[in-house]
Amino acid sequence: MGLTDRIAQSFMYKTLRNIYGPEKNILKKECGSIYVSSSAIGIFNWKITGISNNDKYIKRLGLISYDDNGNETGIYTMATRGDLNEQKNVTVIIPLCRDCFGKTWIVFQEEARPIDLARRGRQARLISFPAGIIGDEESFKNETANESAKRELKEETGFCSDKITPLNKYPIMTSSGLTDESTFFYTADISDFKFISEPLTDGDVTRGWHFVPAKNISKWISDIERYEKIPSGQTLSALYLLKTNE
């Protein structure tokens with residue numbers, strides 16, 4: 001890491017220290033990035049118990065295919081965010097902030113997802129962006145994708161943005177053979193870089209946030225993968241869309 005990167009990292013470290021306060025655990029990390037830990041209490045032990053249809057946001061949807069003569073040809077199961085007649089899409093937001101040198105930083109979340117912990121142990125980590133289901137609660141069931149993006153950004157990072165920009169015109173299927181979920185991708189320019197509220201840790205899943213210089217993203221992702229911190233497919237898709245929209 002060059003001298004310019006070290007200077008930029010030091011200035012961003014001071015900025016984040018002023019935002020989060022003296023008690024927050026903030027560390028200088030790979031490729032000039034900075035890690036801010038969340039207020040999550042601990043990491044639970046998880047065990048896979050089998051197929052369940054009890055989750056509030058995910059349901060198993062059974063499907064049967066027929067040929068033109070009405071003969072059954074196959075039985076399938078998919079996951080749905082909605083119900084029989086309506087699916088619910090999600091938003092993924094790339095938070096962007098600029099330092100005093102005009103350099104762009106991208107904010108990632110580090111998460112300990114239950115399924116990863118159950119399969120890979122307590123050190124398993126997922127690297128992602130703030131995201132959420134559009135209209136997943138009664139109080140904002142009629143919100144638009146743009147409104148959802150603003151809400152999720154504030155809830156999951158504590159920052160706000162007046163400039164939410166879509167990266168795709170039509171929603172992108174998450175995994176067409178598995179689920180009907182589709183994703184809207186956005187960038188969020190955090191021009192007024194100050195802490196608005198304490199971010200949610202999503203049931204202690206969110207372990208912290210990485211502030212990464214945009215020009216070092218490829219190297220940073222390569223480095224974190226060596227420590228078994230795996231970026232999600234949505235994260236890589238978001239970065240691709242960000243690059244193609246430049």
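A salt bridge is a side-chain nitrogen of Lys or Arg within 4 Å of a carboxyl oxygen of Asp or Glu; by this rule the count comes to 17. The model is predicted, so local features need pLDDT of at least 70 and side-chain atom pairs pLDDT 80 or more, while totals for chains, interfaces and linings use all residues. Residues are numbered from 1 along each chain as its sequence is written, and side-chain values use heavy atoms, without hydrogens and water.

**View 1. Salt bridge between K56 and E137.** The N to O distance is 3.3 Å. K56 lies in the loop between strand 2 (34-37) and strand 3 (59-66), and E137 in the loop between strand 8 (131-133) and helix 3, so the pair ties together parts 81 residues apart in sequence. Helices (H or I, at least four residues) and strands (E, at least two) are DSSP runs, numbered from the N terminus. K56 is exposed at 53% relative accessibility, and E137 is partly exposed at 29% (buried, under 20%; exposed, over 50%; partly exposed, in between; 1.4 Å probe, protein chains only).

**View 2. Salt bridge between R81 and E181.** The closest N and O atoms are 2.7 Å apart. R81 is in the loop between strand 4 (72-80) and strand 5 (90-98), and E181 in the loop between strand 10 (172-173) and strand 11 (182-189), 100 residues away. R81 is partly exposed at 22%; E181 is buried at 7%.

**View 3. Salt bridge between R151 and D136.** The N to O distance is 3.7 Å. R151, in helix 3, is buried at 15%, as is D136 at 19%. Salt bridges with shared partners join D136, E143, R151, E152 and E155 into one network.
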